[in-house]
Amino acid sequence: MINIRTRLTYQFVFLVTLILLFFSVGVYFFSKLYLEKRFFKRLQDRAITTTTLLFDLQQTDSTVLRLIDSADKVPLLNENISIYNDKTKEVLFSTNPANTQFHQQFISKLDSTSQSLYLHQNDYQIVAIHLARGNGSNWVIVSGIDQPGIEALNDLKKILTVMVLAAILLLGVSGWLFADRALAPMSGIIQQVNTIFPANMDRRVEHPNQSDEIGLLVATFNQLLDRIQQALNTQKMFIANVSHELKNPLTKINSQIDVALIQKRNPETYERTLQSLQEDARSLTQLTNTLLELANTSIRANTMYFEPVRMDELLWETKTRLQDWHEDYTVQLTFTDFPDDEEALITQGNKASLQVLLMNLMDNACKFSPQKTATVDFRSQKGKIIISVFNEGSQIPPADLPHIFQPFFRGNATAQSSKGHGVGLAVVAQVTQMHKGEITVQSTPKGTTFILTLSSLAPF
């Protein structure tokens, strides 16, 4: 597996090499165009000079040849000048009579409507100029090889190749050093993370620049450490509370059994002992069931089946089931602003989990109410389903309100007033979070209200 430093070096070298190749090809291409254009201009000047000497000055062939040769200090390689007459279809003049066939192959490409023509043939560059004088029509054809230009392009190609290769080598070294410097903070972060253990989870990763990308990564990592630390603390508290909650009834059961076995007793004493054991067993069963509900809610959060659930009907079902289990409980249902649209009564969720949520809210309300009564209000408005559960129990201290949804948390007032394990509201919070809802609590001297808010299928 290639590490990040090597990948960054490869990417840096590859990208800059592409840019260098692009500019090198551009320099070579435009240099070639410039040299061709300059050479074509020289050929054009030779053609004009030949035309002037031959037709305007009316010189002889030998004189023309000497004047043409002396017109340019730098002679052209394999230069050939020909004059072709359109009317007679003959070559009137050529500086190289033995090689007139070379220019004759271009005669078919001459277009009388054009004033000039530029052609390529291997290394040769050809210029043809149309000259119309009186009733005559002639073409002046000049060809040659730009040997200095070819050599200049070859030298330029070699220079660019050497420079690109040297640049690639330099880029490899500088890219490796650049990647090392860019990743240096990551090495420091790795060293800091390696020093963080469960025993010192309060430590956090430090980075001098909190606004750059690595700083944002460090901030995100520290947030993850905060959540891990919170989870570990919750786990420790969970284990401690579970151990405590299980220890008390088990110790009580063992003690009663030991006392009952010390000596023989009458049937009434055994009956009272069995009733006490039965009550302790029910307490253990209730604790086990709530723990299973809490665990299953956490485990099945991503795999739980969701379906449309009509919440008003689910309230009636939960109310009936709770009162069947506890004959002394009273649940009063009120439906404020009952909507006409059926979709306003339906939420997308898991019916069994939502019933557990409502059961716990109603059970808590009845448990802490002096009259064992819970008042449940159902409303639907603006695409939301709002369920309020009220009881007239004693006020929850403000210091306890932020912690009531934590597993096994029980305030002093609730711990003394009723039996329980402090798990029901933790299940309520988790189920609400699974359904992307909201659960809040308001407590006053007149009573306590839990407000559950869920999304409905009705449009906002």
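**Entry 1: overview**

I started with burial: 37% of the 460 residues of the protein count as buried (under 20% relative accessible area, with exposed over 50% and partly exposed in between, using a 1.4 Å probe and protein chains only). I keep in mind that this is a predicted model, where local features need pLDDT of at least 70, side-chain atom pairs count only at pLDDT 80 or more, and totals for chains, interfaces and linings use all residues. Residues are numbered from 1 along each chain as its sequence is written, and side-chain values use heavy atoms, with hydrogens and water left out.

Next I looked up the elements and found 11 helices and 12 strands. Both are DSSP runs numbered from the N terminus, helices being H or I with at least four residues and strands E with at least two. I also checked contacts (heavy atoms within 4.5 Å): among those between residues at least 6 apart in sequence, 66% join residues at least 24 apart.

**Entry 2: the sheet**

In what order do the strands of the five-stranded open sheet run? I read β7-β9-β10-β12-β11, with mixed pairing; two strands pair if DSSP finds at least two bridges between them. The edge strands are β7 and β11, each pairing on one side only. From one strand to the next, the twist averages 15 degrees.

I then followed β12, residues 447-455, where eight of nine residues are buried. With β10 (residues 384-391), β12 pairs in the antiparallel sense over eight bridges. Here I found S388 bridged to I451 and V389 bridged to F450. With β11 (residues 438-444), β12 pairs over seven bridges, also in the antiparallel sense. On that side, I439 stands opposite L452, and a hairpin of two residues joins β11 to β12.

**Entry 3: helices on the sheet**

I looked at what covers these strands. Helix α8 lies across β7, β9, β10 and β12, and runs at about 165 degrees to β7. Axes here are lines fitted to C-alpha atoms, for helices over the stretch in contact, and angles run from 0 to 180 degrees between N-to-C directions. Helix α11 packs on the sheet too, touching β11 and β12, and its direction makes about 140 degrees with that of β11.

How do α9 and α11 meet? They pack at an angle of about 140 degrees with their axes 9 Å apart. I listed the residues that meet: among them are L354, L357 and L361 in α9, and L425, V428 and V431 in α11.

**Entry 4: the cores**

Which residues touch the most other members of the largest nonpolar core? Of its 35 residues, I found M311, L315, L358, L361, V376, I387 and F450. Such a core is a set of buried Ala, Val, Leu, Ile, Met, Phe, Trp, Tyr and Cys residues joined through side-chain atoms within 4.5 Å. The elements that each supply at least two residues include α8 (311-325), α9 (351-367), β9 (373-381) and α11 (424-434). Helix α9 gives the most, with eight residues.
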